[in-house]
Amino acid sequence: MVQFRFLGILMAVAIRTKKPLDLHLAPWVWKQLCSMPLGGLDLEEVDLLTYRTLQGILHLENSGITEDNFHVMIPLDSFMAHSADGRLVAVVPGGQNISLTFANRTEYVEKALDYRLHEMDLQVAAVREGMSTIIPVPILSLLTAQQLEQLVCGLPEVSVEMLKKLVRYRDITESHQIIAWFWQSLEEFTNEERVLFLRFVCGRSRLPSNPADITQKFQIIKVDRVRSSI
């Protein structure tokens, strides 16, 4: 929990300093940080197999599964489900002792879905606690999940057009042929290669979504080499 709290501090610092972090978190984590409600589609986005399994148990209308053959066709026999890390856990207290039946399958699906969507609540709360030491976290509820992710992580793609807003020219003009070749080369880079370039010239891996937040620029300098004669 201490590490999750520290992650929250780092995320808040990224927002304050406008220096994004290269983070890859599940979409529903950003929603939870913004105090947005979660639903089945959020689970579908990160764990399609589990979502479809739960939907299959719930909707048996056209599957040929009846109360008589339910235990033969459904591989689960109690209120247990797989957690995000693959462990088989009880979705309610004492769930290992509650039999899953045709009659209570709707309750099972509701409990299993609720468990999966909220199994990281304590960790998310620790992240929010860390963020609260730097920024007022109640304002996060005014943001969408996508807006918060962009504030913390910036833009996932390093575009050449954005890089052009970061450059200063010294002893050379933008219209020079060498500069044209330079930008043409960057256009041919993959995004991963442009990230490496950005890290080399600016020491960062992500760019903020708002160009106005970029204060550190890199410089292109024309250097004329003096040829020595023999």
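Reader: What makes cysteine 153 buried in this model?

Author: In this predicted model, cysteine 153 has a relative accessible area of 1%, and because buried means under 20%, cysteine 153 is called buried.

Reader: How do you know that cysteine 153 is in no disulfide?

Author: The nearest cysteine sulfur, that of cysteine 34, is 12 Å away from that of cysteine 153, whereas a disulfide needs the two sulfur atoms within 2.5 Å, so the pair does not qualify and the count for the structure comes to zero disulfides. Cysteine 34 also counts as buried, with a relative accessibility of 1%.

Reader: Why is the pair of phenylalanine 70 and phenylalanine 102 called edge-to-face?

Author: The ring centres of phenylalanine 70 and phenylalanine 102 are 6.0 Å apart, and rings pair if their centres lie within 6.5 Å; the planes stand at 90°, and planes over 60 degrees apart count as edge-to-face, so that is the name the pair receives. A search of the whole structure finds five aromatic pairs.

Reader: What parts of the chain does the pair of phenylalanine 70 and phenylalanine 102 link?

Author: Phenylalanine 70 lies in helix H5 (residues 70-73), while phenylalanine 102 lies in the loop between strand S2 (88-90) and helix H6 (105-118), and the two residues are 32 residues apart.

Reader: How do you know that the charged end of arginine 105 sits over the ring of phenylalanine 102?

Author: The charged end of arginine 105 is 4.2 Å from the centre of that ring, and the distance part of the rule asks for CZ of Arg within 6 Å; the rule also asks for a position within 35 degrees of the ring normal, and arginine 105 is listed as sitting over the ring of phenylalanine 102.

Reader: What makes H4 roughly antiparallel to H6?

Author: Helix H4 (residues 48-58) and H6 pack at an angle of about 160°, with their axes 9 Å apart, and because angles over 145 degrees count as roughly antiparallel, H4 is described as roughly antiparallel to H6. In passing H6, H4 makes a left-handed crossing.

Conventions
Residues numbered from 1 in each chain as written. Predicted model: local features only at pLDDT ≥ 70, side-chain atom pairs only at ≥ 80, totals over all residues. Heavy atoms only, no water. Buried < 20%, exposed > 50% of the residue type's maximum accessible area, 1.4 Å probe, protein only. Phe/Tyr/Trp six-rings, centres within 6.5 Å; stacked < 30°, edge-to-face > 60°. Helix = DSSP H or I, 4+ residues; strand = E, 2+ residues; numbered from the N terminus. Axes fitted to C-alpha atoms, helices over the stretch in contact; angles between N-to-C directions. Parallel < 35°, antiparallel > 145°, perpendicular 65-115°, else oblique. Left-handed = near helix turned anticlockwise from the far one by under 90°.
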